[in-house]
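Below are some notes on the model, point by point. Please read them against the coordinates.

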Amino acid sequence: MILEQELLQKLTGKRGVFYGRHSTDKQDIAWQIQLVDNFFEEVLHSKPIAYYSDEAVSARKTKYKDRAKLQHLIKDSSRGVFDFVVISSYDRIARNPIDHLKLREALTEKGIPVIIATTRTEYGKEDFLTRLLFDGISKYEADQTAQRTSDNINTLVFQGKWKGGRTPFGYVYHRASNTLKPDPIRREKVKEIFSMYEKGLGFKEIANVLNDEEKLAKPSWYKEKVKGIITNPIYAGVLTLYRREGNSGYRIRDRSEWVEHEAKCITSPIISKQQWENCWKIYSEKTKIYGKKKENQAAGGTTKLDTPFFLKKILYCTCGKMMRWRNYTNQKKVYQAYICDDCDYRVPCDLLHKKFEQEWNYRVTDSLLQLMNGKRKKLAEKELLILEESIKDCDVMKLDLKNEQNNFIDRKKALLRNSGDSDEAFVYALDLLIKDREKRISEINDQKDLLEIKKSKVSEFLEASPVNISLNFNDFSPRDKNELIRHYVLSCKVSRERDLEITFVNLE
Ligand SMILES: [Zn+2]
């Protein structure tokens with residue numbers, strides 16, 4: 001597997017470190033280090049500047065005893081000791097949801113990439129087939145992976161609590177009370193933004209006004225930032241889930257997909273609900289009009305150039321040269337062709353695309369479907385194991401907490417019995433500890449309930465029949481078409497008779 005160019009660029013010349021976890025088998029860690037070292041040597045021609053590896057205590061114990069080296073790694077990441085982390089394989093990290101969550105929050109949110117040596121991919125960016133599964137062919141898997149990290153977040157949002165992450169512009173985060181309070185100065189700016197939008201100014205115009213006001217050498221406002229504020233109901237005291245597409249990105253989903261919840265963590269929202277809804281209405285109207293404009297252009301316009309040249313960079317001429325693609329205009333009609341400059345050979349894109357699609361549907365579709373079903377099953381089975389392990393973990397943690405609590409209760413009893421005028425402060429402290437353990441036990445119970453629900457869902461899924469979806473080439477989005485080709489086509493040649501010779505990757 002080749003490291004994506006983009007990723008390679010991101011890592012070249014940067015300082016990387018190793019993180020590993022070993023099982024009881026000593027060879028295991030040596031093997032992990034070997035894999036990661038190889039990765040550094042082959043791909044980056046460098047070495048890790050540090051190694052962090054956690055000793056294997058039982059997986060269950062370490063879970064709440066905080067892995068020391070993982071903590072260390074997270075701390076160092078804040079101090080800027082390194083630029084990226086390499087782990088040997090996904091399994092090493094993702095085995096339990098809490099580690100998964102920690103690593104993701106601590107590193108990926110700081111923009112520190114975590115690279116998986118075996119697949120040479122960035123952690124969190126699953127391999128292509130998995131992503132396809134995640135991306136809407138089946139919602140099921142997406143639910144799981146996303147869920148594993150966002151369960152806690154969901155719960156928080158449903159309770160109206162602040163879910164962490166970047167504090168929205170205009171608010172200040174108060175750690176002690178876990179609340180968001182308006183920032184006295186920035187609050188005014190937010191108000192200004194909303195009222196400008198109500199008056200009909202666009203995102204870009206608003207950004208310009210703000211930049212003019214600030215007169216900074218480097219403007220700090222741009223249209224996406226304004227959009228981010230206008231489209232976020234947090235300014236009216238409402239928390240949301242699934243509002244934006246993906247983790248970052250400025251694309252806003254259809255509102256029917258959002259989950260909205262009253263923010264108990266915000267006691268005084270910056271603007272009223274009424275005002276936010278007004279702005280939202282303006283925004284929806286505008287996007288509707290914009291969407292229509294685009295549709296019209298596509299339907300009647302002369303510039304119908306949205307066919308992706310999906311054979312680019314893979315299509316070769318019989319002479320051995322890679323075909324280029326170009327647009328041609330002929331009597332005011334635009335058409336596209338693949339060309340070989342050396343042979344002065346030109347073949348219309350439409351024709352080759354159609355031939356490619358036929359061949360794909362005939363030779364790839366079924367095997368791919370089988371592959372996917374196999375993968376689905378494996379994912380589900382793995383998920384089931386993780387869930388079962390996590391449920392066991394809950395029981396162990398509960399037992400430990402219960403023991404601690406009993407211990408405190410006994411000590412309190414002894415204290416009260418033995419000294420007539422007992423040490424009040426000490427009894428008080430014990431009471432607090434007893435209550436604390438009670439609270440933690442009930443939290444774990446909630447967690448366990450959630451896990452049980454998920455476990456039954458996964459079991460259900462495993463018993464259900466395999467999916468039967470269309471994997472015809474035409475059903476994929478342009479982006480996916482390019483990726484499908486990148487993954488499943490080894491070579492593609494066009495003959496003088498305009499026929500295609502395609503070699504696919506062996507899908508068995
Ligand atoms: Zn040629």
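1. Helix 4 is followed by Gly80, which has a positive phi, near 70 degrees. Helices are DSSP runs of H or I with at least four residues and strands are runs of E with at least two, numbered from the N terminus. The model is predicted: local features need pLDDT of at least 70 and side-chain atom pairs count only at pLDDT 80 or more, while totals for chains, interfaces and linings use all residues. Residues are numbered from 1 along each chain as its sequence is written, and side-chain values use heavy atoms, with hydrogens and water left out.

2. Helix 4 spans residues 68-78, and its buried residues are Leu70, Leu73, Ile74, Asp76 and Ser77. Buried means under 20% relative accessible area, exposed over 50%, and partly exposed in between (1.4 Å probe, protein chains only). These residues lie on the same side of helix 4, because they cover an arc of only 165 degrees around the axis, taken from the directions from the helix axis to the C-beta atoms. Exposed Ala68, Lys75 and Ser78 sit on the face turned away from the buried side.

3. Strand 12 (residues 333-340) runs antiparallel to strand 13, joined by four bridges; pairing requires at least two DSSP bridges. Ile339 has Arg346 as its bridge partner. The two strands, strand 12 and strand 13, form a hairpin with four residues between them, and Asp344 in the turn has a positive phi of about 55 degrees.
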